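The points are grouped by topic after a few lead sentences.

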Amino acid sequence: MKHKTVSIFIIFLSCFISPLNAADMKNSDATLIIQDAWIAEAPPVSKVMVAYMTIKNTGTSALEITRAESENYSSIEFHETIHEDGMARMVRHGSLKIPANSKLELKRGGPHLMLFNPVKALRAGDMVEIILTTKDNITKTITVIVKKAQF
Ligand SMILES: [Cu+2]
């Protein structure tokens, strides 16, 4: 009698555990690694902020990040600063591509995440969650620290 109860309990548990594990597998990708992510502190009135990070792809196939979003911003775009005729300007990209076994550095004067319309003003030391989604629908939630910009 006791044994039967335990068995039922285990079946009951596994109903919950299996779907959770499956969701976990789908939503994380060990080949996508984000390092040194930070947002440059901006004056409180600023409508845009910029995020930098190193995006590593340790896998054997290319990764493409097609979406970035955060509860603290109305939208996030993929930008790149390019220099032409002694002038710097920003171009918008539809995605960030990271070839197999390589890394993409988002840094000042190069590619970056452009963060629009902060919901609340952020100061150095604050943390912001950003969710990155790849073309294959893998999502990665990262915690990004706000730091004073030292260029
Ligand atoms: Cu920009």
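**Core, fold and metal site**

Of the 28 residues in the largest nonpolar core, those that touch the most other members are Ile39, Met53, Ile55, Leu113, Leu115 and Ile130. A nonpolar core here is a set of buried Ala, Val, Leu, Ile, Met, Phe, Trp, Tyr and Cys residues joined through side-chain atoms within 4.5 Å. Buried stands for under 20% relative accessible area, exposed for over 50%, and partly exposed for values in between (1.4 Å probe, protein chains only). This is a predicted model, in which local features need pLDDT of at least 70 and side-chain atom pairs count only at pLDDT 80 or more, while totals for chains, interfaces and linings use all residues. Residues are numbered from 1 along each chain as its sequence is written, and side-chain values use heavy atoms, with hydrogens and water left out.

**Overall fold**

- Of the 151 residues of the protein chain, 35% count as buried.
- Among contacts in the protein chain with a separation of 6 or more, 65% come from residues 24 or more positions apart; a contact means heavy atoms within 4.5 Å.

**Cores and the aromatic pair**

- Ile39, one of the residues in the largest core that touch the most other members, is in contact with Met49, Val50, Ala51, Tyr73, Leu115, Val128, Ile130, Val144, Ile145, Val146 and Lys147, leaving aside its neighbours within four places in sequence.
- A second, separate core has six residues, among them Trp38, Ala40, Met114 and Phe116.
- The count of aromatic pairs is one, where rings of Phe, Tyr and Trp (its six-membered ring) pair if their centres lie within 6.5 Å, and planes under 30 degrees apart count as stacked, over 60 as edge-to-face and the rest as tilted.
- The ring centres of Trp38 and Tyr52 are 5.3 Å apart and their planes are at 45 degrees, so this pair is tilted.
- Trp38 belongs to strand 1 (residues 32-40) and Tyr52 to strand 2 (residues 48-57), so the pair ties together parts that are 14 residues apart in sequence.
- Trp38 and Tyr52 are both buried.

**Copper site**

- The copper ion is coordinated by His79 (ND1), Met90 (SD), His112 (NE2) and Met114 (SD), at 2.1 to 2.2 Å.
- Donors are N, O and S atoms within 2.8 Å of the metal (3.2 Å for Na, K and Ca); water is not among the atoms, so sites may look incomplete.
- The angles among the four donor atoms are 96 to 122 degrees, and the site is tetrahedral, a label given to four donors if all angles lie between 85 and 135 degrees.
- Along the chain, the donors of the copper ion have the spacing H-x10-M-x21-H-x1-M.
- His112 counts as buried because its relative accessibility is 3%, and Met114 counts as buried at 7%.

**Hairpin and positive phi values**

- Strand 4 (residues 73-84) and strand 5 (residues 87-93) run antiparallel and are joined by seven bridges; two strands pair if DSSP finds at least two bridges between them.
- Phe78 has His93 in strand 5 as its bridge partner.
- Two residues separate strand 4 from strand 5 in this hairpin, and Asp85 in the turn has a positive phi of about 50 degrees.
- Asp85 is not a glycine, and its relative accessible area of 79% makes this residue exposed.
- Asn101 likewise has a positive phi of about 50 degrees without being a glycine.
- Asn101 is in the loop between strand 6 (96-98) and strand 7 (102-106) and is exposed, with a relative accessible area of 60%.
- Most residues other than glycine have a negative phi.

**Two threonines**

- Thr133 is in strand 9 (residues 127-134) and counts as buried at 1% relative accessibility.
- Not counting residues up to four places away in sequence, Thr133 touches Glu64, Ile65, Thr66, Arg67, Glu69, Ile138 and Thr139.
- Thr143 is in strand 10 (residues 139-147) and is partly exposed, with a relative accessible area of 49%.
- Thr143 touches Met127, Val128 and Glu129, again not counting residues up to four places away in sequence.
- The C-alpha atoms of Thr143 and Met127 are separated by 6.3 Å, with the two residues 16 residues apart along the chain.

Notes: Helix = DSSP H or I, 4+ residues; strand = E, 2+ residues; numbered from the N terminus. Tetrahedral: all angles 85-135°; square planar, octahedral: opposite > 155°, others 65-115°.
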